[in-house]
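Subject: Structure for you to look at

Hi there,

Here is the structure I promised to pass on.

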Amino acid sequence: MFRVYSTSFLCIMLVRGNKLMSSLYSKDRLLSKSRKLLYFSISLIIIIYLLSSFYYHDTVNILPSVWSCNGTSEYDQICTFTNLCIDKVNGPFVVSEHTPPKINLINTYKEHAIWFQPKTFSQKRGKYVGDEVAVYGLYHPYHFSHYLFNGLIPLYSTMREYGMKNAWTFRGATRKSKQTVLDMPIFNDGKDIVLEYKENNSPKQISPSVQPMCFDKAVVGTGNRCSLGYCEGRITKGDYDAFREDVFKAPLGNSKCLDSTVHYGNGSRIIAILNRYHSRHITNMPGLIRALLDEVDDITIRLMNFDEGCSIRDTAHLVYDVEALIAPFGNALGSGLFMKDNTMMVSIDARWYSEDWFLWPMMTTGIRLYNFRCKSPSCQVYDEDHLKSILALYDITLSPDELLEMMTTKAPFDIISKYAPGKEIDILDLYHKDSSRRVDIDSFIPFFKERLYNYNVSAYIEECKADNICTRPLERNTNRNQGGIMDVY
């Protein structure tokens, strides 16, 4: 009570002091500098006292922190802290006489690890704002599939494991952020704390204040878990199914995205096709649509455009009822997570480039993914402007003959070696991966019909075994069976 009265008294004195100062300044221009400085100092002391009084009144002594960790290596540790705090000046910190461990927050290759370690203080005051917080990291969140499979789903899996459905989240690390506005439809209760002001770009995010924000319990790290081969931890089919169910509970968002679809035919079986426009563009899409309608019975084709800024919830809505998804290799294949079990996707690969990235998560979710490869020049598009843009990144200018050689041969290492030795594979992969492409329709239609009509998991696995691109994801799913496509074993 005394503090309330004293604070009120000081406020009144401060107001009156300011009025007095204004009066003195206006009436007596000859007021000594020393007296002006005295009045200013008194006002400043009163302000500091008021601020510290309010700060002290609104905070408590932070309790000492204890922690425990589990994991098989330094990269896949998850640590549970008591009394973790965050403020604008110090970032994350604890009150302790001991040094906390370093914890990796990124779910990817070990060389990309980012380490989290709270600062320590012997004593400090703060305000407890929530019971629990999950501390996580993101890898390339501007990329839809990296955001999902290397970031959001590992966080969701960890929170599900530790029973933290209603907890706050704290992004403790980001690799290549680009200030992406995060789409977090399934975390509805707690706020998402971000340290960088530029990352606070949606109603979900919150920046820490000068006053420490404290939590009774913090789970730090996600155990380097993902479905890819470079992760030590694992996402189960149960995690994927629960994540998918929670996404479908969120409201639909961008009508521009949903309205951008075009439908052809009126059959009962829906085949979705997604084309890209900035890179990896399929140039003979009308011919592919016409051939599918003519050759495949009872189908409707849904042509989609994810360039309209589709949210996670909108993406899920566009693919939840399809039996097959056809798309160029890339981000669109990540949407297979929201398709029904025992459906299929076909990746339209460029000539001379295929990879297994999406095979890893799709095998766990139960989706059959096929790579349809370009095997002849008839489906290759020669993209000179695209090639020149890549060469410009390395300050390389080629002669017309060298450009022709680069576009028409699989491995012109001798040309690149003259200008950028050691970068041959990087440059060629960038060009082949992102080039426009054509679908060899005559060979694609029988390939597609056979796999759509004659669904058989055992046949899929046998086909996968014969394909060297499938070897590693198949082996991991076989040896570490936790649901999904490998349930037949």
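Below is what I found in it, starting with the overall picture and ending with one residue.

First, two remarks on the source. This is a predicted model, in which local features need pLDDT of at least 70 and side-chain atom pairs count only at pLDDT 80 or more, while totals for chains, interfaces and linings use all residues. Residues are numbered from 1 along each chain as its sequence is written, and side-chain values use heavy atoms, with hydrogens and water left out.

**Overall**

The protein has 15 helices and 18 strands; these are DSSP runs numbered from the N terminus, with helices being H or I of at least four residues and strands E of at least two. Of its 489 residues, 52% count as buried (under 20% relative accessible area, with exposed over 50% and partly exposed in between, using a 1.4 Å probe and protein chains only). Among contacts with a separation of 6 or more, 71% are between residues 24 or more positions apart; contact means heavy atoms within 4.5 Å.

**Aromatic rings**

Rings of Phe, Tyr and Trp (its six-membered ring) pair if their centres lie within 6.5 Å; planes under 30 degrees apart count as stacked, over 60 as edge-to-face and the rest as tilted. The count comes to 21 aromatic pairs. In one of them, the rings of tyrosine 109 and tyrosine 230 have centres 4.3 Å apart and planes at 45°, so this pair is tilted. Tyrosine 109 is in the loop between β5 and β6 and tyrosine 230 in the loop between β12 and α4, so the pair ties together parts that are 121 residues apart in sequence. Tyrosine 109 is partly exposed at 41% relative accessible area, whereas tyrosine 230 counts as buried at 15%.

Another pair, phenylalanine 248 with phenylalanine 338, is edge-to-face, at 6.3 Å centre to centre and 85° between the planes. This pair also links distant parts of the chain, 90 residues apart: phenylalanine 248 is in helix α4, and phenylalanine 338 is in the loop between β16 and β17. Phenylalanine 338 is buried, with a relative accessible area of 1%, while phenylalanine 248 is partly exposed at 28%.

Ring pairs also join Phe149, Tyr240, Phe329, Tyr353, Trp357 and Phe358 into a cluster.

**Pocket and cavity**

On a 1 Å grid over the protein atoms alone, a cavity is a set of points where a 1.4 Å probe fits but cannot get out, and a pocket is an open set with protein on both sides within 12 Å along at least five of seven lines; lining residues have an atom within 4 Å of a point. Grid points are joined across faces, edges and corners, and a volume is the space filled by probe spheres set on the points.

The largest pocket has a volume of about 930 Å³. Of the 29 residues lining this pocket, His140, His143, His146, Glu355 and Lys433 are the closest to its centre. Helix α12 gives the most to the lining, with 5 residues. The structure holds 1 cavity of 30 Å³ or more, and the largest cavity has a volume of about 70 Å³. Its lining includes Cys379, Tyr431 and His432.

**Isoleucine 445**

Isoleucine 445 sits in helix α13 and is buried at 7% relative accessible area. Leaving aside neighbours within four places in sequence, isoleucine 445 is in contact with Ala291, Leu292 and Glu295.

Best wishes
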